[in-house]
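Here is a briefing on one protein chain. Look over the fold before reading the notes.

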Amino acid sequence: MASPVITFIGAGSAVFTKNIAGDILSRPALAGAEIRLMDINPERLSESEIIVGKLAQSLGGKASVKTYTNQRRALEGANFVVCCFQVGGYEPCTVTDFDVPKQYGLRQTIADTLGVGGIMRGLRTVPVLWSICEDMLAVCPHALMMQYVNPMAINTWAIAAKYPTIKQVGLCHSVQG
């Protein structure tokens, strides 16, 4: 059996990418995987490449790590797609997701998943996820999307509504154990 191809979209999120890659590479069946890291920020992508490369080496050195700034190329032939990006960054977007409701007397406790802030984040994020789905349908239609991007419920609902043939699961790295 060929080694699985696992593509990370948003791999510039170095700590998150390291944690998920560590989970993947610690499993014997995935230890020889081809890990593809894709991000729109070449500097952050380079940092993640170094981190995941060292992690792969420390866990036996069987995995290969490749980087991409082109989403479709990174997805070609992938078996698994790990989405781990944030549209707009913490500043200004996440801060704005808290500040705008606050101006109107609404207290956001978790602005990345619920309420006004979650809706705003969803409006920023869903179109990006849909672009990933389009590329997946073209170059890896049987891949499983493991979607770690918030707002989880809005995102998985939007994907299922528009792309029902995409196999997907919404996950939170903090609670899978």
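This is a predicted model: local features need pLDDT of at least 70, side-chain atom pairs count only at pLDDT 80 or more; totals for chains, interfaces and linings use all residues.

Residues are numbered from 1 along each chain as its sequence is written, and side-chain values use heavy atoms, leaving out hydrogens and water. Helices (H or I, at least four residues) and strands (E, at least two) are DSSP runs, numbered from the N terminus.

**Rings**

- A pair of aromatic rings is described by the distance of the centres and the angle of the planes.
- Rings of Phe, Tyr and Trp (its six-membered ring) pair if their centres lie within 6.5 Å; planes under 30 degrees apart count as stacked, over 60 as edge-to-face and the rest as tilted.
- How many aromatic pairs does a search of the whole structure find? It finds one.
- Tyrosine 148 counts as buried because its relative accessibility is 15%. (Buried means under 20% relative accessible area, exposed over 50%, partly exposed in between, with a 1.4 Å probe and protein chains only.)
- Lysine 162 has its charged end over the ring of tryptophan 130, 4.2 Å from the ring centre. (A charge sits over a ring if NZ of Lys or CZ of Arg is within 6 Å of the ring centre and within 35 degrees of the ring normal.)

**Helix packing**

- Axes are lines fitted to C-alpha atoms, for helices over the stretch in contact, and angles run from 0 to 180 degrees between N-to-C directions.
- Angles under 35 degrees count as roughly parallel, over 145 as roughly antiparallel, 65 to 115 as roughly perpendicular and the rest as oblique.
- A crossing is left-handed if the near helix is turned anticlockwise from the far one by less than a right angle, and right-handed if clockwise.
- Contact means heavy atoms within 4.5 Å.
- The axes of α1 and helix α2 (residues 42–58) come within 10 Å and cross at roughly 25 degrees. So α1 is roughly parallel to α2. Their crossing is right-handed.
- Among the contact residues are Ala14, Thr17 and Lys18 of α1, and Ser48, Ile51 and Val52 of α2.
- Helix α5 (residues 115–139) packs on α6 at about 40 degrees, with the axes 9 Å apart. That makes α5 oblique to α6. This crossing is right-handed.
- The α5 side of the contact includes Trp130, and the α6 side includes Lys162.
- The axes of helix α4 (residues 89–103) and α5 come within 8 Å and cross at roughly 140 degrees. The two helices are therefore oblique to each other. The crossing of α4 and α5 is right-handed.
- Residues in that contact include Cys93 and Asp97 of α4, with Met120 and Arg124 of α5.

**Cis peptide bonds**

- Most residues other than glycine have a negative phi, and most peptide bonds are trans.
- Glutamate 91 and proline 92 are joined by a cis peptide bond, with omega about 15 degrees. Proline 92 is in helix α4.
- Asparagine 150 and proline 151 are also joined by a cis peptide bond, with omega about 5 degrees. Proline 151 is in the loop between β5 and α6.

- Isoleucine 35 is in strand β2 (residues 34–38). Is isoleucine 35 buried or exposed? It is buried, with a relative accessible area of 0%.
- Not counting residues up to four places away in sequence, isoleucine 35 touches residues including Ile6, Phe8, Val52 and Ser64.
- Serine 64 is in strand β3 (residues 64–68). It is partly exposed, at 31% relative accessible area.
- With residues up to four places away in sequence left out, serine 64 touches Ala33, Glu34 and Ile35.
- Valine 87 lies in the loop between β4 (80–83) and α4. It is partly exposed, at 23% relative accessible area.
- Leaving out residues up to four places away in sequence, valine 87 touches Cys93, Arg124, Thr125 and Val128.
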